[in-house]
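Me: Please take a close look at the charged pairs in this model. Then place them in their surroundings.

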Amino acid sequence: MGRLTIAAAATLTIGLLGGCGGTGEDAGGATGEPWYDEVVAAAAVDTVGGGAPCPLPVTFGLADGWAAEPIETPAATDELGDIVAEALTRRGGSTVRCELDGRAVVPGFLRVWTADDAGTPARQALEAFVTAEPESSGPQYRQTRTGDLDVVEATWLSRRALTDSDVREWALAVTVADRTVLVEASSTSLGEPVDVLPAYRLARDTLVAAP
């Protein structure tokens, strides 16, 4: 699969550009806003992570119709290029590594990030990621467990300038050895945010440390 260059990654700006909130209950029992736990995970048809196409310290299931591609962090060129690259590929102390494109089946994406500093606690990395988004509001956090992994989840409202509306987003963070991985669920301006949840739940529920 091809890599996303900075030019191709420009299509991500709506999702990437846009405080510690309340803590919630463990995952699994919050019907409706803001967690929508009644939405079940999609079925897996493939696996993401470990090695190609997205080398990651974790693996998780990929839903039918979704395609995974690594995101290539561009080399520094000039001051303006650095600013653009920073805005597209880094947020709150994390760098985007992989994009799961679901637009063949739903109008949305999953993006996988890794914390820049080794050993960053999952909750700390996730809070920094959420609060780094411009015009985000009402973050909530909760703790869950997937297999042997402790997972922290967040949900918040993101202001979309294109539609002048608040859109709900979700993300999780997990630390494996000294690497912290974040998975963000984001809909496009054409879709309903909840449409991405089956693929996101699949990723969350199938997370394991890469061999």
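Reply: Asp-150 forms a salt bridge with Arg-145, with 2.5 Å between the closest N and O atoms. A salt bridge here is a side-chain nitrogen of Lys or Arg within 4 Å of a carboxyl oxygen of Asp or Glu. Asp-150 counts as partly exposed because its relative accessibility is 44%. Arg-145 is partly exposed too, at a relative accessible area of 47%. The cut-offs are under 20% relative accessible area for buried, over 50% for exposed, and partly exposed in between (1.4 Å probe, protein chains only).

The model is predicted: local features need pLDDT of at least 70, side-chain atom pairs count only at pLDDT 80 or more, and totals for chains, interfaces and linings use all residues. Residues are numbered from 1 along each chain as its sequence is written, and side-chain values use heavy atoms, with hydrogens and water left out.

Side chains of opposite charge can pair when their charged atoms come close. The structure holds 14 salt bridges. One of them joins the side chains of Arg-142 and Glu-153, at 3.1 Å from N to O. This pair links distant parts of the chain: Arg-142 sits in strand β8 (residues 136-146) and Glu-153 in strand β9, 11 residues apart. Strands (E, at least two residues) and helices (H or I, at least four) are DSSP runs, numbered from the N terminus. Arg-142 and Glu-153 are both buried. They also belong to a network of salt bridges that links Asp-37, Arg-142, Glu-153, Arg-201, Arg-204 and Asp-205.

Another salt bridge is formed by the side chains of Asp-166 and Arg-159 (3.2 Å, N to O). Asp-166 has a relative accessible area of 43%, so it is partly exposed. Arg-159 is partly exposed at 26%.

Now strand β9 itself. It spans residues 149-160 and includes Thr-155. Thr-155 counts as buried because its relative accessibility is 0%. Its side chain makes a polar contact of 2.9 Å with the side chain of Arg-168. A polar contact is a pair of N or O atoms within 3.5 Å; within protein, one must be able to donate a hydrogen and the other to accept it, and residues adjacent in sequence count only if both atoms are side-chain atoms. Beyond its neighbours within four places in sequence, Thr-155 is in contact with several residues, among them Pro-34, Trp-35, Gln-140 and Trp-170. Contact means heavy atoms within 4.5 Å.

Arg-111 counts as buried because its relative accessibility is 2%. The side chains of Arg-111 and Glu-99 are joined by a polar contact of 3.0 Å. Arg-111 and Tyr-200 lie 89 residues apart in sequence, yet their C-alpha atoms are 9.9 Å apart.

Next, helix α5 (residues 197-205). It lies across β2 and β3, at about 150° to β3. The angle, on a scale from 0 to 180 degrees, is between N-to-C directions; axes are lines fitted to C-alpha atoms, for helices over the stretch in contact. Three strands make an open antiparallel sheet in the order β2-β3-β12. Its edge strands, β2 (44-49) and β12 (208-209), each pair on one side only. Two strands pair if DSSP finds at least two bridges between them. Strand β3 (residues 58-63) and β12 are joined by 2 bridges. Thr-59 has Val-208 as its bridge partner in β12.

For the whole protein chain, the count is 5 helices and 12 strands. Of its 211 residues, 47% count as buried.
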